Amino acid sequence: MRYAVLVTGPAGAGKSTFCNGLMTHLQTSKRTGHLVNLDPAANSDAFEYEPAIDIRDLVSLEDVMSELEYGPNGGLVYCFEYLLENMDWLDEELGGYDDDYLIFDCPGQIELYTHHPFLPTLVRHLQRMGLRVCATYLIESQFMEDKYKFFSGVLSAMSAMVNLEVPWVNIMSKMDLVTSNSDDPASGRNGIRARKDISRYLEPDPLLLVSAPGSREEKTERNSKFHSLNQAIVQLIEDHPLVSFLPLNLTEPDSIEIVLSHIDYTMQYGEDEEPKEPHDLDEGDFADME
Ligand SMILES: Nc1nc2c(ncn2[C@@H]2O[C@H](COP(=O)(O)OP(=O)(O)OP(=O)(O)O)[C@@H](O)[C@H]2O)c(=O)[nH]1
Ligand SMILES: [Mg+2]
């Protein structure tokens, strides 16, 4: 059985870094993984591990831009369309890997996840080839600093999830950057101050969008033209409680292990063996953040 983990998410969310971390972790756990680079604009220096399959061997953004005079975004779309027309290239590349764990590093163009047919087509193709596919969607912990930015991240994750019908793991990356110390003057009014707050973001609490009744903030919000929009979004997220995030701190092997065990579980990796329950988050996992 072959497995494919798609690593998706907006630009700079830490996808490539997570792929590297996952590869290292697989190696130290005596498992094999292969990196697949799907980013035609990737910078070669970004890879600690040489990709086993690399879209740039088929088409590179640089060539498309210089030869066809596309700009960077149109150029990317062209690259994916080119890949979709040349899927036999991918089949051939994938042919050499049986019984393997493939990690797909995807590009950060948000439109690829929300409305471009590229990823759904790719997923169907991989499934037809007999691969078990799951997707991860990363947003970075800095999103938690601003509740509006955070909810736009939640909505983009939801929209990517409904677009791709595969098992799904949402990840809050760069948790090493969260210093949630209530005495820390740097964590401002909207900062993430306490562990209680962090869990409201990891299991998004739509009420974060609504200010406390009677507060000055609430009164200004009620008058603002965004009030009904916020209410509608709160309702949407409450009606579709699909999104929750696993915290990822790459400086802690345990954290990577927990994320990997959830990914394995969604794909029933090694199901010929005993199925494994994913590790649960311990109370202790947040201890250093307080
Ligand atoms: N502190 C910290 N920084 C990180 C972490 N992961 C990534 N970064 C930094 O965030 C930046 C973007 O990381 P990438 O891994 O290139 O992000 P990406 O999602 O692959 O970006 P694109 O491919 O351009 O969309 C880099 O400067 C990384 O060093 C993390 O876990 N902690
Ligand atoms: Mg990247």
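User: Where is proline 117 found?
Analyst: This is a predicted model: local features need pLDDT of at least 70, side-chain atom pairs need 80 or more, and totals for chains, interfaces and linings use all residues. Residues are numbered from 1 along each chain as its sequence is written, while chains are lettered from A and ligands numbered from 1 in the order written. Helices are DSSP runs of H or I with at least four residues, strands are E runs of at least two, and both are numbered from the N terminus. Proline 117 is in the loop between helix H5 (110-114) and H6.

User: Is proline 117 buried, exposed or partly exposed?
Analyst: Buried takes 20 or more other C-beta atoms within 10 Å of the residue's own, exposed 12 or fewer, and partly exposed lies in between; C-beta atoms are placed from the backbone. Proline 117 has 13 such neighbours, so it counts as partly exposed.

User: How far apart in space are proline 117 and phenylalanine 80?
Analyst: In sequence, 37 residues separate them. C-alpha to C-alpha, the distance is 9.7 Å.

User: What is the strand order of the open sheet?
Analyst: Two strands pair if DSSP finds at least two bridges between them. The sheet has seven strands with parallel pairing. Its edge strands, E3 (53-54) and E7 (245-247), each pair on one side only. The order is E3-E2-E4-E1-E5-E6-E7.

User: Which residue is the bridge partner of asparagine 37 in E4?
Analyst: Strand E2 (34-37) and strand E4 (101-105) run parallel, joined by four bridges. For asparagine 37, the partner in E4 is aspartate 105.

User: What angle does the direction of H1 make with that of E4?
Analyst: H1 packs on the sheet, touching E1, E2, E4, E5 and E6 (contact: backbone-placed C-beta atoms within 7 Å). Axes are lines fitted to C-alpha atoms, for helices over the stretch in contact, with angles from 0 to 180 degrees between N-to-C directions. For H1 and E4 the angle is about 160 degrees.

User: Which helix gives the largest share of the shell around ligand 1?
Analyst: Of the 16 residues around ligand 1 (backbone-placed C-beta within 6 Å), Gly14, Lys15, Ser16, Thr17 and Gly108 come nearest. The largest share is three residues, from helix H1 (15-28).

User: Which elements are among those covering the buried residues of H11?
Analyst: The buried residues of H11 (253-267) are Ile256, Ile258, Val259, Leu260, Ile263, Asp264 and Met267. Their cover includes E1, H1, E5, E6 and E7.

Note on methods. Contact = placed C-beta atoms within 7 Å. Expected span 1.5 Å × (residues − 1).
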